[in-house]
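Trainee: Please take me through this model step by step, and let me put a question at each stage.

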Amino acid sequence: MSVRRILPAGLLAIAVTLSAYATETATHSPPVVATGAEWTRHCTKWDKWDKPGPPYRIHGDTYYVGTCGIAAILIVGDDGHILIDSGTKAGAGIVKRNVQALGFSLRDIGLLLSSHEHFDHVGGMAKLQQSTGARVMTSKAAASVMASGKDAPGDPQFGMHPPMAPVHVDGTVSDGETLALGNLRITAIATPGHTPGALSWQWESCEADQCRMLVYADSLSPVSGKAYRFGDHPDYVAAYRAGLERLATAQCDILLTPHPSSSGMVERLSSDTGLENSSACASYARSIGVRLDKRLARERAENDGR
Ligand SMILES: [Zn+2]
């Protein structure tokens, strides 16, 4: 098993060749694929995290394989597939069934990635790692949480979540880094804030000659435990804002989010334009920026009132 790191001239992106991780050649018959509209017949605006929903094709090689309430994204390659997020421990069973319902083999998944290190998105990662034999790669901050199964003190929601089954993390990725698995390329965008290790992901997907840039933008909501104040952590807030800016300016034709409800997936899939909207990422990032401003203002007001 070899990892080849390539530093393209003039670019900061590092390509990591992971083709050796695929355990077998990806062979599959064409799947019977549901449409997004069909998905909305099973799933509603605010669904439970572990409510089963059918998988559907988002665009080209990219499929939604999550539950109704929590996303999991499958990107199908010639030499192994990429799966982002597992859902909860129970939700991972639905994710597995959805991948298989599309006609793909779990053992063809070569790379498991994450949005952020909370149990609703990576609580089932250990289960998926076992079923797929895939490499797990995540951010440095998320790696310690996923490897131990315990949340980190720097997490605004520290102490609020149950422990997770530990995952063997095979490697870490940093902001702007591009991972390659066979013909697939995917780039990490560090978007800390909701958690220290939060990542968003960007990749291109083509359907014939119709190529679109997809972005799986992390949750990013400024929520916390009672004692935590974002205003007490200026460096963290600065990194938070920098991530929002990167997201707002990223090329993005199709926005996906770990909680489908946070980007109105049901409403968008039911609309005439569907998920395609090249300003959706910028709007999403800006709306989170407004929430962060409000949160900081509230903290200041609470402080003044003491
Ligand atoms: Zn979360």
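Mentor: Two strands count as paired if DSSP finds at least two bridges between them, where helices (H or I, at least four residues) and strands (E, at least two) are DSSP runs numbered from the N terminus. This is a predicted model, in which local features need pLDDT of at least 70 and side-chain atom pairs count only at pLDDT 80 or more, while totals for chains, interfaces and linings use all residues. Residues are numbered from 1 along each chain as its sequence is written.

Trainee: How many bridges join β11 to β12?

Mentor: Strand β11 covers residues 184-190 and strand β12 covers residues 199-207, and the two run antiparallel. Within this pair, alanine 188 has tryptophan 201 of β12 as its bridge partner. The number of bridges joining the two strands is four.

Trainee: Which residue of β13 stands opposite cysteine 206?

Mentor: β12 also pairs with strand β13 (residues 210-216), in the antiparallel sense and over seven bridges. Opposite cysteine 206, the residue in β13 is cysteine 211.

Trainee: What is the phi of alanine 208?

Mentor: Alanine 208 belongs to the hairpin of β12 and β13, which has two residues between the strands. Most residues other than glycine have a negative phi. Alanine 208 is exposed, because it has 6 other C-beta atoms within 10 Å, and a residue is called buried with 20 or more such atoms within 10 Å of its own C-beta, exposed with 12 or fewer and partly exposed in between, the C-beta atoms being placed from the backbone. Its phi is positive, in a residue other than glycine, and lies near 55°.

Trainee: Is leucine 220 buried or exposed?

Mentor: Leucine 220 lies in the loop between β13 and α6 (234-249), and although it is not a glycine, it has a positive phi of about 65°. Because it has 28 other C-beta atoms within 10 Å, leucine 220 is classed as buried.

Trainee: Which strands stand at the edges of the open sheet of seven strands, and why is one side of each left without a neighbour?

Mentor: The open sheet has mixed pairing and the order β3-β4-β5-β6-β7-β8-β9. Each edge strand has a single partner strand, so one side of it is left without a neighbour in the sheet; these strands are β3 (56-59) and β9 (171-172).

Trainee: Which residue of β4 stands opposite arginine 57?

Mentor: β3 and strand β4 (residues 62-64) run antiparallel and are joined by three bridges. The residue in β4 opposite arginine 57 is tyrosine 63.

Trainee: Against which elements do the buried residues of α2 pack?

Mentor: In helix α2 (residues 91-101), the buried residues are Gly91, Ala92, Ile94, Val95, Lys96, Asn98 and Val99. Just after this helix, glycine 103 takes a positive phi of about 95°. The buried residues of α2 pack against β5 (73-75) and α4 (125-132).

Trainee: Against which elements do the buried residues of α5 pack?

Mentor: Helix α5 (residues 140-148) has Ala141, Ala142, Ala143, Val145 and Met146 as buried residues, and it is followed by glycine 149, whose phi is positive, near 80°. The buried residues of α5 pack against α3 (119-122), α4, β8 (135-138) and β9.

Trainee: Which residues does leucine 255 touch, leaving out those up to four places away in sequence?

Mentor: A nonpolar core is a set of buried Ala, Val, Leu, Ile, Met, Phe, Trp, Tyr and Cys residues joined through C-beta atoms within 7 Å. The largest one has 77 residues, and leucine 255 is listed among those with the most contacts inside it. Two residues are in contact if their C-beta atoms, placed from the backbone, lie within 7 Å. On that basis leucine 255 touches Val215, Ala217, Ser263, Ala280, Cys281 and Tyr284.

Trainee: How far apart in space are tyrosine 284 and serine 219?

Mentor: Tyrosine 284 is found in helix α8 (residues 280-304) and counts as buried, because it has 22 C-beta neighbours inside 10 Å. Beyond four places in sequence, it is in contact with Ala217, Leu255 and Ser263. Tyrosine 284 and serine 219 are 65 residues apart in sequence, and their distance in space, C-alpha to C-alpha, is 10.0 Å.

Trainee: What is the mean pLDDT of the protein?

Mentor: pLDDT is the predictor's confidence in each residue, from 0 to 100, and 89% of the residues reach 70 or more, with a mean for the protein of 89. Over residues 1-30, however, the pLDDT is below 50, although this stretch has 60 contacts in the model beyond near neighbours in sequence. The mean asked for is 89.
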